[in-house]
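The exercises below work through one two-chain model. Try each task on the coordinates before reading its solution.

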Amino acid sequence: MRDSLYTLVKRSKTDVQSMNRVIEMFSPKILSSLNQTNHQDREDLSQEIKMKLLLCIKNFDVENTPGYFQVMEQLKERDVTQR
Amino acid sequence: MRNLSTDLTGYLKANEDQLKNSIIHSFLAIPENMELLKQLIEDPTDHLIHQLDESFKEFYFRIRFTSYLSKTIHFHSINFDKRHRQNADRFRLILDKPLSSETETSFLDVLATTEFKNELSEIEMSFGIEDQLTNYWLYEGYRQLTENQRQIISLAYLHGLTDSEIAHKLNRSQQAVSKSHARALKKMRDFLETASKREEHI
């Protein structure tokens, strides 16, 4: 089975290979965003985005993702306060 | 068995509002997760709770992180392009491109017109700096200068030319211009100093 994004990002804090795979997963999005700029600057932009992603992936707090019951609790609380 | 499935429907009914949330909804739309929830309600063990939590985390993380990175890519590329266009606008490589979309005048034309203006101002150079002086003693000092010195001071400070440019314009050597320039400044400074001393006496 292919690794999920969750495990890949978790591992990419230390593992360069995983980091590479995460960035590759986003390459279609990067390619489409290259249309934002003119031809000459596309390679620069692609590099800049990859650098940005590197930082984002490194700094994202994976452990902070709430679990199922946590989200259910949050939703309940929100519904109560809204009433 | 029937009782158990009503447990699940009971749970779903009790949490109806929360289930309307799109993330929870799409999470439970996957049959495996629904099955897991069903098992959990029938038999809530720590292992199952952990399993459901983990599978939800994985699911939720994928959505969150994908949207986060997509937004980052999107805005970063927009900002990148903005910055590049700004730079291209400030440091032009093409001279005869229109300056903005509204006007037809190109950078080259503007350069040409400023040169034209320079030519015009050369005609006006007969008007010296004395019209611009606001300090009385400075004005008086300026009037002490010779015609040649006045011209150099005007060219240097009103039109911002360098000594060598003035020399070129007046058909003289740069050394001569520098010398009269320095002498003119000294003359005016001396005049100002004696004037201020005179004022102190009064």
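A crossing is left-handed if the near helix is turned anticlockwise from the far one by less than a right angle, and right-handed if clockwise. Helices (H or I, at least four residues) and strands (E, at least two) are DSSP runs, numbered from the N terminus. The model is predicted: local features need pLDDT of at least 70 and side-chain atom pairs count only at pLDDT 80 or more, while totals for chains, interfaces and linings use all residues. Residues are numbered from 1 along each chain as its sequence is written, and chains are lettered from A and ligands numbered from 1 in the order in which they are written.

**Exercise 1.** Determine how α7(B) passes α10(B), and list the residues that meet.

Solution.
- Take the axes, which are lines fitted to C-alpha atoms, for helices over the stretch in contact; angles run from 0 to 180 degrees between N-to-C directions.
- The axes of α7(B) and α10(B) come within 9 Å and cross at roughly 135 degrees.
- α7(B) is therefore oblique to α10(B); angles under 35 degrees count as roughly parallel, over 145 as roughly antiparallel, 65 to 115 as roughly perpendicular and the rest as oblique.
- The crossing of α7(B) and α10(B) is right-handed.
- From α7(B), the residues B:Trp137, B:Leu138, B:Glu140, B:Gly141 and B:Tyr142 meet B:Met188, B:Phe191, B:Leu192 and B:Ala195 of α10(B). Contact requires C-beta atoms, placed from the backbone, within 7 Å.
- By class, this contact has 7 nonpolar, 1 polar and 1 charged residues. Ala, Val, Leu, Ile, Met, Phe, Trp, Tyr, Cys and Pro count as nonpolar, Asp, Glu, Lys and Arg as charged, and the others, Gly among them, as polar.

**Exercise 2.** Find the span of α10(B) and its buried residues.

Solution.
- α10(B) has 28 residues and reaches 41 Å from its first C-alpha to its last, close to the 40 Å expected at 1.5 Å a residue. The expected span is 1.5 Å times one less than the number of residues.
- B:Val177, B:Ser180, B:Ala184 and B:Met188 are the buried residues of α10(B). A residue is buried if 20 or more other C-beta atoms lie within 10 Å of its own, exposed if 12 or fewer, and partly exposed in between.
- An α-helix has 3.6 residues a turn, so residues three or four places apart point the same way.
- The buried residues of α10(B) pack against α7, α8 (147–158) and α9 of chain B.

**Exercise 3.** Describe the pairing of α4(B) with α5(B).

Solution.
- The axes of α4(B) (residues 31–42) and α5(B) (residues 46–90) come within 10 Å and cross at roughly 155 degrees.
- The two helices α4(B) and α5(B) are therefore roughly antiparallel, and their crossing is left-handed.
- Among the residues that meet are B:Leu36 and B:Leu40 in α4(B), and B:Leu48 and B:Leu52 in α5(B).
- The contact of α4(B) with α5(B) has 6 nonpolar, 4 polar and no charged residues.

**Exercise 4.** Is B:Asn171 buried or exposed?

Solution.
- B:Asn171 sits in the loop between α9 (163–170) and α10 (174–201) of chain B.
- B:Asn171 is exposed, with 6 other C-beta atoms within 10 Å.
- Its phi is positive, about 60 degrees, although B:Asn171 is not a glycine.

**Exercise 5.** Which element gives the most to the side of chain A that touches chain B?

Solution.
- Chain A comes to 5 helices and 0 strands.
- 28 residues of chain A are in contact with 26 residues of chain B.
- α5(A) gives the most to that side of chain A, with 7 residues.
- That side has 16 nonpolar, 6 polar and 6 charged residues.

Note on methods
Contact = placed C-beta atoms within 7 Å.
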